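Dear colleague,

Please read them alongside the coordinates.

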Amino acid sequence: MSLTCPSCAAGETHSPCRSPCPRTPRMGCRTWPRAFSGSRRPPGPFPCCLLVLLSRFLWDHGDIAFAPLGKLMLENFKLEGARSRSKKTTVVSVKRLLQDLDGHQPWGCPWAYLSYRQRRFSILGGPILGKSVANLLGDLLHEELVMRWEQLLLDDAFTGGALAWVPGKTPRVGQLVYPAGSTLDKLYFQEVSLTPGGNPQVLRDPGHIQLRGPVRQVVTRTVQGESLLAVRSDYHCALWKVSRQGRPAPLQVLQVEKGATGISLSPHLPGELAVCSRSGAICLWTPQDGLRRVYKDPDTLVFRDPSPWRWADFTAHPRVLTVGDRTGVKIVDTQGPPGCGLLLFRGGAEASCQKGERVLLTQYLGEGSPESLHSTLHLICTQFSLYLVDERLPLVPMLKWNHGLPSAPLLARLLPPPGPGCPRPLLLGGQDGQLQLLHITGEEASTPRLAGPPQSLPSRNDSLSAFPVLEPKSQWRLQERLKAPTIGLAAAIPPSTSTPILSLFQLSAAGDVFHQCLRLQADPGPDSCAPTVSWSPQATACCSQWLKALLEVPPAPPVWAAPTFSHRRLLGCVEQREVEGKVPEGLRAAMAEGRLLQQRDLGSLPTAEPPPAPEPGPDDELSKRLEAAWEGQAAAWWERRQGRSSGPRQQPKRHKRRTQLSSTFSSLSGRLELSDVTSPPPSPDPEARPRPPGTPPSQELAQEHWARGVPSERQQTLRDYMAKLPLREDALEDASAPPSQTSSIRATRSRQRTLQDNTAKPPLQRDTPEGAFVPSSQTSSIQATPSRQQTPVLSGSQRIRKKPRMGF
Amino acid sequence: MQKSMSDFSEELIKSTTEDDQGERCELSGTGMHFPWLQKHIETVATGGKKEKDFAQTTSACLSFIQEALLKHQWQQAAEYMHSYLQVLEDSDSCKRQAAPEIIWKLGSEILYYHPKSNVEAFNAFADRMKNIGVMNYLKISLQHALYLLHHGMLEDANRNLSQAETWRYGEKSSSQEVLINLIQAYKGLLQYYAWSKKKMELSQLDKDDYAYNTASQNMLDHSWKTSVNLGALIQIPGVWDPFVKSYVEMLEFYGDQDGAREVLTNYAYDEKFPSNPNAHIYLYNFLKREKAPREKLISVLKILYQIVPSHKLMLEFHRLLRKSEKEEHHKLGLEVLFAVLDFAGCTKNITAWKYLAKYLRQTLMGSHLAWVQEEWSSRKNWWPGFHFSYFWAKSDWKEDKALACEKALVAGVLSGKGCRYFRYISKQDHQVFRKKIKRMKKLVKKYSIINPGL
């Protein structure tokens, strides 16, 4: 099925297959492809091939390999149920051992890596199990650690981004192409219609193509009316032609043995594709000539850097490519003699680079059409700065700007100008979801300039405040979900009659697609009203639906967590002390599971009136109580207090206290959030206090129970606070209900106000679109949620990377 | 003064400790710096020690300022800045040393955009910052002058630069040297501006006027000062286009042609300078003004052709080559035209297509088929898709019929009558272009390098 390319050396990187039709996976043939080929490992006592076989045997038939040893060692282990209380040090309790391996730390110290039992086990087992097993495991562990460490430093797999916008028949309709599924191996085609209002409409259920590996990069180009789509996986690249109806037709699949690091499509000639491999080779695939290697250099360009990352892009000349690695970028003529070229960018003095600065992304900014003003400009991003380099004047950057992104800028998109004479927006996306918007202006003759100060756009994390407040665990899950790394960025400018709109799509590693709509703001005066930053009703509905789906999925059990303090021991103590049965079973169960306490866990506790808050004035109860507590007579004091206040309730006083407290609270929060204008003014009448409409009184009762255990003087505050929170089950279903809106509006207005306060009179001509954040997940991502939640995407993709399957 | 003395000694210490800081984030052993690593593994990076409260506060404050700037909240940024100033009192000398530059960068940006800021506020801030630490004096002075220039206050800018020019501290370091040169060059540029304004005035005056003499005397004084100021900078390797241009203009005005030529030749050909197409363009324009011989002009443009084959001047280059008597120049003329049309930015350049159509005919008439074939052999596998596709035939005919006709002729000559572009255009029926298309068909039949008959 796969052909080896004649122009490549034997065993060289690419071999084209005929079509990307799905095939059944071939399992097991490459279980640990990199474990025994790495050069850093010195050759062991076994020949390599034997080691591979042995490892496979141990891995696949552990029962056969280890059972005899287990039987031999039976006397050294105490199995469950065996009651022998042997004091011999040569006997290990299996139950305890498993507990240890589970993360149970008897000393309660997370940094104690080894318990004495594990040490004993290793001493016992060492001579019997032999070196080979330990070596194998050590190798695997080492490899895993190296990979994790590299990934933590910089995960460059998604450089370029895995989300693309393919324009359709009309300018208003297009397709979003992105990977989904637990291992990102399904390529989805979602038709989207852009409305003039800026709310994209998902047209129908997305179609998808099942691939054989995780999709890392999706690239699209429309050249001479033909839309092309290229996809990079770890070891394969594929090319499709998208018809005007939006149907993808496969053109070519390329296999990259050493692993592909980047692909790009030619902006000049339809279907030309440049592929970079970890081996340092750059190949060009053209429909006429097929695959051809145009460059090969295993070393880096300027100085030695260990990263195998390579990148290639096109230039203003269709037969000249840029070749980039971490140290620099070179211009290479594919028709000239191999090896020659001119350095376009060098991490060094010309660009006044910092120490340790490396290239993370290079991109050709021209579009191939002669109308484009920047047909010779290239964008180069490093950890610190962004450079614009003109290929006619290599080495000396035309523009340098310190982006200050707190994560790696692996995504960039230059967009067409939103209107005639406008500067071109350049979007820069950090891996952790930060987005920056720059405006680049300058005719072909003059140097490119930044028009106005760059701007950061609201990130996904900023939308957290617009969601209703959830219980802490759900809130945490939502937060984690929103925090997932950005792996794709796409933008479209729908033709609109009035103000130009920029539709921005983001793909997160969790598989969600977010949409953001930016409106061009025409030169706001200092007194002009700040634009609204808000969610549309559809977006709110969509988000609440998405959130509901997210929270319905049971949280995935952690694959492995760092050992923490043992709580089992503590629980045991509690159980023994509270044998009297005062604490209901439910409470204990909830604590054991680490769940949030709920009404049903607490059972039917005696429903006493909540203790009233201390009264100010001459009869200072708080100080009395503290005094009693100091003397160890708190209980007696409490009893006295209970007896006294059992008389008629002093309603008016309570109201007064409550309003006093709430006013201090609101004023405090106002000071904290700078949004006192929006928080409801404290009203003297308690009945007029804002309260979520439709909240049944029982709800408040439940909250009272929830608040039990809180010191009495805090309860009032807590109750006031709780009343403001939309802590209702149905808050999500009824998205337009006031409680959720109040929270979102408050967040919006606070932003609004700060904007209003600080609308600057710009000294430069400025057309900056102001951000309006509308995250909306696609229906597909919601549907795909359950399956994805079972295995976290990241660990899934790692596993896939270790076991790359052959073919798509 | 005492304070700045102690600052200076600390700055000397800083240079040794700075490197240790840089190592902090390079935990991979690859030499790459990871600014985002700190937050992932704070305890590892700081060796288990927690940052002091003060350091935490100031770094949080710094990130707030940066965030506010990126959100264009100038007011808020200014408020945070107010608090951030206390970093100047940091007990960590490293941080204290780095602070003035950060404060200057962020502070000047805030003051540049802040709605209530004015020039006075900026001046006061800049003057104060210049004297905190000594290392930033020149840099801040230069940026201050640029700010004043941007606000049209040329006199103030000039005064500022003059002040900075005479400033010295300790032994002249190489970085100081470059900065002082830059400051002088900007001062020279300002003087050039004043000079060229005077030149304008002078050109409007009558030569017999009494005022003329004093004005011209004035100009002479100016030029001498300026040449001193500009001359130093352009000796240093770099890209100094505006300085070189104004310097040469003044030299030329006073008749120092040799001086001007030397400056331009040096700027274009000195190998220490980065490759700069503008340097060759300036030299070419100068030689053209000087009415230099064609050979000379061709040799300058030949180098420009190697650097930027898509430049506008290449069509002029082609004309020069066409007029030349040498055969190798005629061959190069064809090469130049093909090379111009290789570039994506030149595909719709009708002059280039016209030249190519005409020159192809001329070359083939001169029985130099081999030249054409040589050029075409490296392009025949991608020019048809790049230039002569059906898509372009349709869109060119719709947008620019004259261009379409020229391209069709070239397409027909190079890839024969079967070429899609040629076929599409030759089938068109248009009143104005009917004659042209007929002629085109005849020419293609006669000269096409692909002859199916043979």
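In helix α5 of chain B, which spans residues 74–84, the buried residues are Trp74(B), Gln76(B), Ala77(B), Met81(B) and Tyr84(B). Viewed down the axis of α5(B), these buried residues fall within an arc of 155°, and they therefore line one face of the helix. Glu79(B) and His82(B), on the other side of α5(B), are exposed. Please bear in mind throughout that this is a predicted model.

Helix α16 of chain B, residues 313–323, is mostly covered, with 8 of its 11 residues buried. Those buried in α16(B) are Leu313(B), Met314(B), Leu315(B), Glu316(B), Phe317(B), His318(B), Leu320(B) and Leu321(B). What do the buried residues of α16(B) pack against? Their partners are four helices of chain B, namely α14 (277–289), α15 (294–307), α17 (327–342) and α18 (350–365).

Turning to chain A, there is an open sheet of 4 strands, ordered β13-β14-β15-β16, in which the pairing is antiparallel. Strands β13 (260–265) and β16 (290–296) of chain A stand at the edges and have a single partner strand each, so one side of each is left without a neighbour in the sheet. Direction ignored, neighbouring strands of this sheet are turned by 20° against each other on average. Strand β15(A), residues 281–286, runs antiparallel to β16(A) and is joined to it by 6 bridges, and Thr286(A) stands opposite Gly290(A) in β16(A).

With best regards

Conventions. Residues are numbered from 1 along each chain as its sequence is written. Chains are lettered from A and ligands numbered from 1 in the order in which they are written. This is a predicted model: local features need pLDDT of at least 70, side-chain atom pairs count only at pLDDT 80 or more; totals for chains, interfaces and linings use all residues. Side-chain values use heavy atoms; hydrogens and water are left out. Two strands pair if DSSP finds at least two bridges between them. Helices (H or I, at least four residues) and strands (E, at least two) are DSSP runs, numbered from the N terminus. Axes are lines fitted to C-alpha atoms, for helices over the stretch in contact, and angles run from 0 to 180 degrees between N-to-C directions. Buried means under 20% relative accessible area, exposed over 50%, partly exposed in between (1.4 Å probe, protein chains only). Contact means heavy atoms within 4.5 Å. The arc is that of the directions from the helix axis to the C-beta atoms.
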